[in-house]
Amino acid sequence: MVSRGAAIVLGVLLALITASAAWAHATLVGSEPADRAMVPESPPAVTLQFNEPVSPVSIVLVGPNGASSTLKGVTAKDETLTVAMPGALAKGTHLLSWRVISADGHPVSGTVMFSIKEASAEPPMQPQFEMDRGLLAGIWLCKLALYCALMFGIGGAFYAAFIATGPLPARCTVWLSVLLLGGLVATVLSVGFQGVDLANLPPLEMRRPDVWIGGLRTSYGTTAVIAAAALILGLLALRGGSQRKLAAALAIAGVGVALASSGHAASAAPQFLTRPAVFLHGMSVAFWLGALIPLLASLHLRRERDLLRFSRVIPAGIAVLVATGVVLSVVQLETLDALWTTRYGMVWDAKIAAVLVLLGLGACNRYALTPRIVHGEPAAAGRMSASIRIELVLALAILAVVAAWRFTQPPRAIHAAASAPTQVHIHTAKAMADVRLEPAAGGLHTATLAIWNGDFAPLAAKEVALVLAKPDAGIEPLRFPAVHVAESTWRVDGVNIPIKGRWRVRVEILIDDFDKVSIDEDVEFPR
């Protein structure tokens with residue numbers, strides 16, 4: 001049963017890792033000019049608005065003739081990037097390809113297309129940012145090895161320093177040392193993987209020094225440095241000596257600091273809540289899981305005092321773990337349906353299912369088997385030993401699942417994208433319109449329509465209407481009359497978009513009793 005469960009977990013993880021390379025964490029929520037907009041003259045700059053602070057990695061402008069140039073005049077301020085254009089741009093369609101690193105330490109890429117005066121017959125081809133599957137697997141394996149070292153290795157060193165009533169057996173110490181050393185190797189490699197991921201390069205390019213420098217400069221680089229220091233302290237604690245308790249305490253604190261330095265949860269708002277929660281969550285997980293291997297040794301040595309000491313303190317650790325886990329889950333998921341409608345939620349479901357089984361086994365050990373072992377019941381020790389071995393397998397599965405979160409988008413980021421305005425530019429030779437839909441109360445939207453003639457002059461109209469249709473879902477055209485609010489601006493309140501997906505957006509413009517223009521375009525509504 002255990003092997004079958006492990007195979008299922010591995011299959012799910014491989015599917016999550018290889019299914020898509022486009023799982024971003026920061027999200028572009030707007031730009032000026034808007035994506036697919038047509039403007040009358042070359043803009044001096046393009047602004048990109050994200051849902052969280054980002055740092056630019058690479059900005060490339062592809063012109064109507066297909067020629068590309070890397071832009072250096074990029075200014076980052078909070079959630080906004082301002083990209084200066086290299087002088088007056090040629091008439092036609094331009095594509096701005098951007099790659100940034102988000103606050104959680106993960107690279108994100110995308111494009112914004114806009115046209116000057118007229119659209120090119122053949123728009124420039126979009127650069128492809130596709131991650132190598134070997135790179136994805138390497139990132140995941142390094143994450144898993146690092147988590148095992150932080151939780152089992154450092155947690156075991158902490159148990160040896162503060163819980164164990166005597167030295168751990170040599171074999172146990174060797175296992176913990178191997179975990180810690182393997183974690184150090186994985187930490188170093190993970191910086192290289194971060195660098196090639198950031199630069200959108202194949203794994204073989206890890207030989208380049210600039211790749212490693214780029215990886216270290218991200219927020220994950222900070223995590224890696226702190227994690228490496230914590231692992232070294234864990235090794236020093238295992239060696240014993242008068243400073244072993246200090247080294248073990250600093251090491252387990254380093255687990256919390258490392259995890260709170262980057263990642264989805266640590267970068268979520270409000271950070272005065274999420275970063276301390278990640279810090280305490282990481283320490284409590286290391287304290288719990290790190291005790292499993294030494295507990296097996298204590299059972300073998302018949303150290304009942306070790307069991308009693310651990311059983312007295314673990315309820316407090318579990319309470320901290322559960323409380324901080326609830327806080328972080330609420331922040332990241334935001335809505336209940338995210339548990340079954342997002343990849344992040346599916347990973348969360350798998351993790352919690354394993355954690356609940358793990359808690360059940362731990363409670364059985366704590367409240368049923370430990371008293372029997374203390375009273376000398378022979379069979380109880382064997383049962384607890386078997387239970388702890390199952391716990392180790394489950395704990396490994398949990399860490400493997402958590403490592404897959406690197407490749408998923410938190411629901412909070414998805415919701416941020418969904419709540420951002422949707423903009424589309426629709427044009428013909430006779431008329432054009434900029435349509436902007438913003439979420440409003442009650443799940444409805446407010447639409448603002450700016451209409452011009454083919455020369456970008458305001459278009460006088462008697463009536464304007466917005467029409468939405470989704471034939472593939474059996475939704476017939478929904479017509480919303482607009483109200484004139486300014487020279488070329490019209491407004492529609494109470495626009496209902498019942499389901500997400502691709503819709504056909506049409507703007508009907510009645511110029512006079514004998515002249516009517518209709519222009520339409522397909523638009524993706526994220527929510």
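Helices (DSSP runs of H or I, at least four residues) are numbered from the N terminus, and their axes are lines fitted to C-alpha atoms over the stretch in contact, with angles running from 0 to 180 degrees between N-to-C directions. The model is predicted, so that local features need pLDDT of at least 70 and side-chain atom pairs count only at pLDDT 80 or more, while totals for chains, interfaces and linings use all residues. Residues are numbered from 1 along each chain as its sequence is written, and side-chain values use heavy atoms, with hydrogens and water left out.

An automatic or database domain assignment divides the protein chain into domain 1 (31–116), domain 2 (132–414) and domain 3 (421–525). The C-alpha centres of domain 1 and domain 3 are 26 Å apart. Eight residues from domain 1 and nine residues from domain 3 form the contact (heavy atoms within 4.5 Å). Between these two domains about 690 Å² is buried, 58% of it from carbon and sulfur atoms; this area is the accessible area (1.4 Å probe) lost on putting the two parts together, summed over both. On the domain 1 side, R36, M38 and P40 lose the most area to domain 3, together 73% of what that side buries.

Helix α2 (residues 133–162) packs against helix α8 (residues 271–289) at an angle of about 70 degrees, the axes being 7 Å apart. L150, M151, F152, G155 and F158 of α2 meet G282, V285, A286, F287 and L289 of α8.

T223 is placed in helix α5 (residues 219–238). With 7% relative accessibility, T223 counts as buried (under 20% relative accessible area, 1.4 Å probe, protein chains only). Apart from neighbours within four places in sequence, T223 contacts A258, S261 and S262.

Technical notes
Helices (H or I, at least four residues) and strands (E, at least two) are DSSP runs, numbered from the N terminus. Buried means under 20% relative accessible area, exposed over 50%, partly exposed in between (1.4 Å probe, protein chains only).
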